[in-house]
Amino acid sequence: SAMSKEQRVLQYVQQNASRGDPDSVLAAVDKFGWETEWAMNLGDVKGAILDRFVKETAPQTMLELGTYMGYSAIRIARLLPETAKFMTVEFDQENAAVAREMIEFAGLQNRIIQITSDTADVIPQLKTKYDVETLDMVFIDHWKDVYVRDIKLLETNKLLRKGTVVVADNIIKPGAPEYAEYVRTCGKYDSTFHESRFEYSNDDIDGLEKSVFRG
Ligand SMILES: O=C(c1ccccc1)c1ccc(O)c(O)c1[N+](=O)[O-]
Ligand SMILES: [Mg+2]
């Protein structure tokens, strides 16, 4: 059967990037996104903002909700030390399979724990099954209508501590208004909005919300 878009991107990466070179993998995905087919990767413009947050936070324990093709997982893992524990969760089996190959091509499979499951099931298991105490940083980029459900799950499962940095994509486009409202008004976070551009677009506005848990 014909390849999916995600498989087409993976093939482009395998034919145009250098194995074991994460930056060349990111560049290939972004070139495909700008020049051939749009895809819902974080992308180069918002990616540079996330890079800065990851470098500033230097997390030892990190969680990503929404792996998709693995672009942001590669983006994050390339900045983490070997000793860091980084888990990324994806519900869709096909996307998870593409991500696994993309992450392997980048040579980062030893730095990323890939979990193929529903985040609502994984979050309550992080302490017992994945030996997590608390999270230093979280990147939220899955279905926009479950952002609030999942940050509340992180709270009730005692996975956040004073200073945990929670970053969320797509605050403007497609939009996560209930999430933005929650983190900005619930009193548990110091939250800032970082305006940027939607992935592979020169015109559409989007941005990341960075919310630091007050503990
Ligand atoms: O929801 C969409 C979406 C909605 C409609 C059509 C295509 C994608 C989307 C768009 C941009 C994103 O950065 C992103 O993370 C997502 N997502 O699904 O998580
Ligand atoms: Mg996104």
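What follows looks at the metal site and then at the ligand beside the text.

This is a predicted model, in which local features need pLDDT of at least 70, side-chain atom pairs count only at pLDDT 80 or more, and totals for chains, interfaces and linings use all residues. Residues are numbered from 1 along each chain as its sequence is written, chains are lettered from A and ligands numbered from 1 in the order in which they are written, and side-chain values use heavy atoms, with hydrogens and water left out.

Let us begin with the metal. Asp141 (OD), Asp169 (OD) and Asn170 (OD1) coordinate the magnesium ion (ligand 2) at 2.1 to 2.2 Å. Donors here are N, O and S atoms within 2.8 Å of the metal (3.2 Å for Na, K and Ca); water is not among the atoms, so sites may look incomplete. Along the chain, the donors have the spacing D-x27-D-N. Both Asp169 and Asn170 are buried (under 20% relative accessible area, 1.4 Å probe, protein chains only).

Now to ligand 1. The residues around ligand 1 (a heavy atom within 4 Å) include Asp141, Asp169 and Asn170, along with Met40, Trp143 and Phe198. This shell divides into 4 nonpolar, 2 polar and 4 charged residues.

| Residue | Part with the N or O atom | Distance |
|---|---|---|
| His142 | backbone | 3.3 Å |
| Asn170 | side chain | 2.8 Å |
| Glu199 | side chain | 2.5 Å |

Taken alone, ligand 1 exposes 410 Å², and the protein buries 70% of that (Shrake-Rupley method, 1.4 Å probe).

How values were computed: Buried < 20%, exposed > 50% of the residue type's maximum accessible area, 1.4 Å probe, protein only. Polar contact = N/O pair within 3.5 Å; in protein donor to acceptor, adjacent residues only side chain to side chain. Nonpolar A, V, L, I, M, F, W, Y, C, P; charged D, E, K, R; others polar.
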